[in-house]
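Here are my notes on the model, as numbered points. Have the sequence and the structure open side by side while you read.

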Amino acid sequence: MSLSGHGLTPRLKPLSARKSAILSVLDVGTSKVVCVVAELKPADEVESLRSRTHVARILGIGHQRSMGLKGGVVVDLEAAESAIRQAVHAAERMAKVEIQSVIVNLTGGRLASEHFEAHVPVRGAVSEGDVHRVLDAASSYDLRRGRTVLHALPTGFSLDAQNHIVDPAGMIGERLGADLHVVTSEAAAARNLMLAVERCHLGVEAVIATPYAAGLSALVDDEADMGCAVVDMGGGTTSVGIFSNGHLVHSDAIAVGGHHVTMDIARGLTTRVSAAERLKTFYGSAIASSADDRDMIAVPQVDEDERDVPNHLPKSHLVRIIKPRVEEVLELVRDRLKGAGFAAQAGRRVVLTGGASQLVGLPETARRILQGQVRVGRPLGIKGLPEAAKGPAFSAVVGLLVYPQVAHIEYFEPRSSGLFQSTGTDGYFSRMGRWIRDSF
């Protein structure tokens, strides 16, 4: 089916490399909602972050415990709206600005990747028109019913027998080809997330896939060029983004996250969920040690009078609950990476981000299961982040600040039919309006 009935998620106008801007972004997760207001100023090229044209300085930040979401999807509209409002108001007070619109991320909705390829004949030197023509052809395919497009990323061009061309304009050949990577989600999940934001009287400028945002934030350019998998481990979901030759080439998500570990602890130790979260944070580990049987932890038990009665247990009890669930999540990630062809890459790199990646022993367990070079990724190249927001849990929201600097590489050109079908006309005035918008 085409998208005429569902439409695309909103498209963000690319940020001019010579202009400053104030941006507001919103990370709506299963465990927390974070709103950030930042000023982006043109900056000199940084060797490790060459793709970034601006440096971001944080003006305001607000975060709030998430409500009304499960597995990255809105399940209670009023609760989600309330959490978003509180986070936005906190950021507005700190930044002393009124937020009109935000860039938001999406983790749920069964993120998936589709790859399209097209070829067109050319005469002599390849023109910009030829490039648009082949990308139009690549974007003419139909999507499955109920899906909506989040990103359409050209990942490479070919000219006759030569592949892996970055920019074919001006080159000479007879047959031009293009590969287009399209990231999609369930249309209902994207619409309901946007509805929750719009009920707070905010506009939605763009909806970004969480693994793409996390990669933009936590990867240096060399990692994205050589090939790297970003695993964003959130509260309700674990999302995967694979980068190669500087492009996002695959995305996926699993509806299991850190909150499932917390629930396992609450059930296994017969305690409240809030106490289980505290035990996981302070004493949790994904690997066992010889001291675990000797170290005792106090586990609050609720008696008939609803009083907390501590029960002292060896730490090994806690580790035995956490370890199988963490291994299960990482094995699911391994299988998804294998299915995407990433497991065959030599010297594969894995970067763990997200709040759940901070669990003690997780990188070591990931190295054993994923059989690769593993590190924990944190937000890079951002000024003014509070100390509490410099950890992996804030990678995705910082990536939303980076996205406008790379939005120009996406290809969204409304046409009368196909993948990016437009509901309006494409007459003279429409083309003139688009030319004015693109030029100024």
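1. A definition before anything else: buried means under 20% relative accessible area, exposed means over 50%, and partly exposed is in between (1.4 Å probe, protein chains only). On that scale T262, with 1% relative accessibility, counts as buried. As for the ground rules, this is a predicted model, where local features need pLDDT of at least 70 and side-chain atom pairs count only at pLDDT 80 or more, while totals for chains, interfaces and linings use all residues. Residues are numbered from 1 along each chain as its sequence is written, and side-chain values use heavy atoms, with hydrogens and water left out.

2. The overall picture next. The protein has 11 helices and 19 strands (DSSP runs numbered from the N terminus: H or I of at least four residues for helices, E of at least two for strands). Of its 440 residues, 52% are buried. The exposed surface comes to about 20,400 Å², with carbon and sulfur atoms supplying 51% of it; accessible areas come from the Shrake-Rupley method with a 1.4 Å probe, and for residues only the protein chains shown count as cover. Taking contact to mean heavy atoms within 4.5 Å, residues 24 or more positions apart account for 69% of the contacts with a separation of 6 or more.

3. Back to T262, which sits in helix α6 (residues 258-269). What do the side chains of T262 and E277 form? They are joined by a polar contact of 2.7 Å, and another one, of 3.0 Å, joins the side chains of T262 and K280. (A polar contact is a pair of N or O atoms within 3.5 Å; within protein, one must be able to donate a hydrogen and the other to accept it, and residues adjacent in sequence count only if both atoms are side-chain atoms.) Setting aside neighbours within four places in sequence, T262 is in contact with V273, A276, E277 and K280.

4. S113 belongs to strand β7 (residues 112-121) and, at 17% relative accessibility, counts as buried. Its side chain makes a polar contact of 2.7 Å with the side chain of H181, and the S113 side chain also reaches the backbone nitrogen of S251 at 2.8 Å. Beyond neighbours within four places in sequence, the contacts of S113 are H181, V182, H250 and S251.

5. Now the helix pair. Helix α4 (residues 210-218) and helix α10 (residues 395-406) have axes that come within 7 Å and cross at roughly 85°. (Axes are lines fitted to C-alpha atoms, for helices over the stretch in contact, and angles run from 0 to 180 degrees between N-to-C directions.) That makes α4 roughly perpendicular to α10, given that 65 to 115 degrees counts as roughly perpendicular. From α4, the contact is made by T210, Y212, A213, A214, L216, S217 and A218, and α10 brings S395, A396, V398, G399, L400, V402, Y403 and V406. By class, that contact has 11 nonpolar, four polar and no charged residues; Ala, Val, Leu, Ile, Met, Phe, Trp, Tyr, Cys and Pro count as nonpolar, Asp, Glu, Lys and Arg as charged, and the others, Gly among them, as polar.

6. Staying with helix α10, Q405 is found there. Is Q405 buried or exposed? At 4% relative accessibility, Q405 counts as buried. The Q405 side chain reaches the backbone nitrogen of T53 at 3.0 Å. Apart from neighbours within four places in sequence, Q405 is in contact with L15, L40, S51, R52, T53 and H54. Q405 and L40 are 365 residues apart along the chain, with their C-alpha atoms separated by 9.5 Å.

7. L143 has 2% relative accessibility and so counts as buried.

8. Last, the backbone angles. Most residues other than glycine have a negative phi. D160 is not a glycine, yet has a positive phi of about 55°; D160 is in the loop between β8 and β9 (162-165) and is partly exposed, with a relative accessible area of 44%. Q371, also a residue other than glycine, has a positive phi near 55°. Q371 is in the loop between α9 (362-370) and β18 (373-376) and is exposed, at 53% relative accessible area.

Notes:
Angles under 35 degrees count as roughly parallel, over 145 as roughly antiparallel, 65 to 115 as roughly perpendicular and the rest as oblique.
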